[in-house]
Amino acid sequence: MSALAGRRIVLGVCGGIAAYKAIEVCRRLVDDGAHVVPVMTESATRFVGQVTFSALASEPVRTSLWDEDDPIPHTHLGQSADLVLVAPATARLLASLVSGYSHDLLTNTLLATRAPVVVCPAMHTEMWEHPAVRANVDTLRSRGVVVVDPETGRLAGGDVGAGRLASPERIVAAVEGVLGPGTKDLAGLRVLVTAGGTREPIDPVRFLGNRSSGRQGHALADEAAARGAEVTLVTTTGLPVGPEVRVVGVTTADEMHQAVVEHADRADVVVMAAAVADFTPVAPAASKLKKADGVPLVELRPTVDILAELGRDRREGRTVVGFAAETDDVEQHARSKIESKGADLLVVNDVSAAGVGFEHETNEVRILDRSGGVRHVPLTSKSKVAAAVLDAVVEIRTGGRLEQVG
Ligand code: CTP
C-alpha cells in the first residue's frame, strides 16, 4: 500500500501557467490513495477551471475564506491536514509565507497548519534567480519547509531556463518522502468501523435523527486503511473516504445492525463510532403525515444495542471499541458504559465542551480500557484522534494497559 493511503493533503494551487500541471499532481495523489483537498488562489482560477480540480480531487475545490458553511475554513484545513503541498508556488506565495502575510485562503491555511509543508516553485528564470526569491527560499528551508526546486527547460512564452515546475513524479515523490512509509501496524487485520447518525423514519419525508456528522468514523476508517488494515465502513453519510475502504451505506439503526452482523464475523477489530438511535418509530407512516390531521403520536420501540450485542458475544481475538458522547460526569458514565456494553475500549467525549464532537472538525477524548486505564487526547483533529484510538487498539491487543502518553 502507498505511503499516501488515507493521508489528507491540502493541495494549494497558485496562479501561474504551470497550474495546469497541478491537475496531474492531484490525479496522482488521489490514485495513490491520498485524500486531496484542493485550494486555489484567485489567480489560479484564471489559469485552470475549478471544475477540473473538483472532479479529480477528493473534495470540491475551495477558493475563499468566506465560506457560508464553514466560517473558519483555514483553521479546519490547516489542522486536519497531514501535509500541505503548494504546486505551483509563485514568488508571491513564497514571500507571503516568509513574512507571515495571510491574504487569502491558501496563505491563511499555510499559517494555520502544523503539518509539514512542501512548496514547488515555478516562475521565470529572472524571478527564480532574483536575490529576494533566493533569500526567501533559503529562509523557508531553514524553517523546515521542503522546497522542490524547479527544473530547467522551456518556459511560458518560449524562453528556456530554470524555473519550470518540477515534474509530477518528483513532486509526488517529495510528498511520499515527507510522509514516509508510515506504520503498518494493522497489516493483516480486518477492521469494521461504523460512522454517522442513523435516521429513523416517521413518514416518507421526516425522520428522528441526531447531530453526528460521521467525520470521526470516516477518519478512523482512513487511518486504519493507511496503517495496513482491510477496512469496511458502515456509514450513514456520503462523506469522502479513501478508495481502499469498502463502504456499506445504511440509513436506519436496524440497517446498521444488519450490516454489522453481516461483517463482524470476519472482523478482528470493530469500532462503533456511529451514533445509533436508541429508539425507532414502531410503524412509520406510509404517506406523509398531514398537519390538518392534528399532532401525531409517534410510538417508539427500542432498537438493538449493537455494541452491547458485540460485547456479549466476546470472541477470542476480537477487539470491540465503543464511543460515548456525554455532557456531565463524563468519566464516571464512561466507566459504567464500558462495563454495561462489554467493550474492550470506550472512547468518550464531552460534547458540551467547545470544539468537541458533533459537527466539529476537532475532537477531545478520553480512551478507557477495562482494567481502569485511561488516556486523555487533548483537542486535536479527528484524524489524530483516530490515530490515538488505533494506537490504543494495538496496545491492548498486545497485552498492554492504557497509560497517559506525552
Ligand atoms: N450503540 C449501539 N447501538 C445502539 C445505541 C448505541 O451500538 N442502539 C453504540 C454506539 O455506537 C456507541 C455506544 O453504543 O459506540 C454508546 O452509545 P450511547 O448512545 O452513548 O449509549 P447508550 O447506551 O445509548 O446510553 P445513553 O443512555 O447515554 O444514551
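How many salt bridges are there between domain 1 and domain 2? I looked and got a count of zero, taking a salt bridge as a side-chain nitrogen of Lys or Arg within 4 Å of a carboxyl oxygen of Asp or Glu.

**Ground rules.** I am working on a predicted model, where local features need pLDDT of at least 70, side-chain atom pairs count only at pLDDT 80 or more, and totals for chains, interfaces and linings use all residues. Residues are numbered from 1 along each chain as its sequence is written, and side-chain values use heavy atoms, with hydrogens and water left out.

**Domains.** I took the bounds from the domain assignment of the protein chain: domain 1 is 8-179 and domain 2 is 190-397. Such bounds come from an automatic or database assignment. I have the C-alpha centres of the two domains 36 Å apart. Eight residues from domain 1 and eight residues from domain 2 make the contact, meaning heavy atoms within 4.5 Å.

**Interface.** I checked polar contacts next (a pair of N or O atoms within 3.5 Å; within protein, one must be able to donate a hydrogen and the other to accept it, and residues adjacent in sequence count only if both atoms are side-chain atoms). Between domain 1 and domain 2, I find zero residue pairs of that kind with both at pLDDT 80 or more. On the domain 1 side, helix H4 (residues 73-80) gives the largest share, three residues. I sorted that side into one nonpolar, six polar and one charged residue. In this scheme Ala, Val, Leu, Ile, Met, Phe, Trp, Tyr, Cys and Pro are nonpolar, Asp, Glu, Lys and Arg are charged, and the others, Gly among them, are polar. The two domains bury about 650 Å² between them, 53% of it on carbon and sulfur atoms; buried area is the accessible area (1.4 Å probe) lost on putting two parts together, summed over both.

**Sheet.** I then traced an open sheet of five strands, E2-E1-E3-E4-E5, with parallel pairing. Helices (H or I, at least four residues) and strands (E, at least two) are DSSP runs numbered from the N terminus, and strands pair if DSSP finds at least two bridges between them. At the edges I have E2 (35-40) and E5 (146-147), each pairing on one side only. E1 (residues 8-13) runs parallel to E3 (residues 83-89) over four bridges, and Ile9 has Leu83 in E3 as its bridge partner.

I noted a cis peptide bond from Ala87 to Pro88, omega near -5°; Pro88 sits in strand E3. I also flagged Asp329, a non-glycine residue with positive phi, near 40°. Asp329 is in the loop between strand E16 (319-326) and helix H13 (330-341).
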